[in-house]
Amino acid sequence: MPVHEITDPDDDRIADYRALTDVELRTRWEPPHGLFIAEGELVLRRALRAGYPARSYLVDAKRVDQLADLDTGDAPVYAATQDVLQRATGFHVHRGVLASFHRRPLPTAAEVLAAARRVVLLEDVNNHTNLGAVFRGAAALGIDAVLLSPSCADPLYRRSVRVSMGEVFAMPYAKLDRWPEGLDQVREAGFTVLAMTPAPDAVPIQRLTPAQRERAALLLGAEGPGLTAAAQAASDVRVVLPMRRGVDSLNVAAAAAVAFWELGREDPPFGGE
């Protein structure tokens, strides 16, 4: 595995990794260039396993041996000191391993829905940490796919990928280009759209009927504002997680995980990796 030493943080060969903490800059750079950044050895290995082609690797010079068993193919491996890494990326790369990957074309919503039994729908979830956590919970707790409203954050943004522990690579996802009209497409595919809300007149999620659970599409909104009135109106059932001690809501990723478990509690047992 040939390794190329980088001594200048402005070296054009590592332009993919520049200013990784600048969300606006990365949003303008990554999707238009068809790339995303994976942080950490575990995450980059999961990206490779999922079939994403690597563009390049950038590692702490002291950690090059961590990639010694990889077939890096045509993707160059760059090594630099921690000082150079920090000046190039804008943060301390404490995991010591970064990789730039080519994106793959997204499937259509119709393709994703056709292959799923249970899905989660996200409206305006633009916090990358929450988005990554929802993907991780979905992968772990029996959700087959994720569908995003047009204004949702990018699941392949570095922080989302990291928080999901690479599960964004394993979980099929697509965008609904029209919102909330796209919820009609979900319903036409045979799903019951369940809108999560803390409203006092919503149905406690554990009281859903077997028919409502059978092909559930759980709809969640951004933390704070929650679901829009239009999205709730376009749903089939409004559901709530019953709360105690006066707590009115949970973090959206925590609420999603509880709801995922509840919807799948009658599923046959299954194991992880």
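Analyst: Contact here means heavy atoms within 4.5 Å. The model is predicted.

User: Which residues is G90 in contact with, leaving aside its neighbours within four places in sequence?

Analyst: G90 is in contact with T21 and L85. G90 sits in the loop between helix 3 (82–89) and strand 5.

User: Why does G90 count as partly exposed?

Analyst: Its relative accessibility is 47%. Buried means under 20% and exposed means over 50%, with partly exposed in between. G90 is therefore partly exposed.

User: What makes helix 5 and helix 10 roughly parallel?

Analyst: Helix 5 (residues 128–140) and helix 10 (residues 252–263) pack at an angle of about 15°. Angles under 35 degrees count as roughly parallel. So the two helices are roughly parallel to each other. Their axes are 8 Å apart.

User: Which residues make the contact between helix 5 and helix 10?

Analyst: Helix 5 supplies N130, A133, V134, G137 and A138. Helix 10 supplies V252, A253, A256 and F260. By type, these residues divide into 7 nonpolar, 2 polar and no charged.

User: How do you know that the buried residues of helix 2 line one face?

Analyst: In helix 2 (residues 41–49), V43, L44, R46 and A47 are buried. Seen down the helix axis, the buried residues fall within an arc of 160°, so they line one face of helix 2.

User: What do the buried residues of helix 2 pack against?

Analyst: They pack against strand 2 (35–39), strand 3 (54–60), strand 5 (97–102) and helix 6 (158–163). Just after helix 2, G51 takes a positive phi of about 95°.

Terms used: Residues are numbered from 1 along each chain as its sequence is written. This is a predicted model: local features need pLDDT of at least 70, side-chain atom pairs count only at pLDDT 80 or more; totals for chains, interfaces and linings use all residues. Side-chain values use heavy atoms; hydrogens and water are left out. Axes are lines fitted to C-alpha atoms, for helices over the stretch in contact, and angles run from 0 to 180 degrees between N-to-C directions. Helices (H or I, at least four residues) and strands (E, at least two) are DSSP runs, numbered from the N terminus. Angles under 35 degrees count as roughly parallel, over 145 as roughly antiparallel, 65 to 115 as roughly perpendicular and the rest as oblique. Ala, Val, Leu, Ile, Met, Phe, Trp, Tyr, Cys and Pro count as nonpolar, Asp, Glu, Lys and Arg as charged, and the others, Gly among them, as polar. Buried means under 20% relative accessible area, exposed over 50%, partly exposed in between (1.4 Å probe, protein chains only). The arc is that of the directions from the helix axis to the C-beta atoms.
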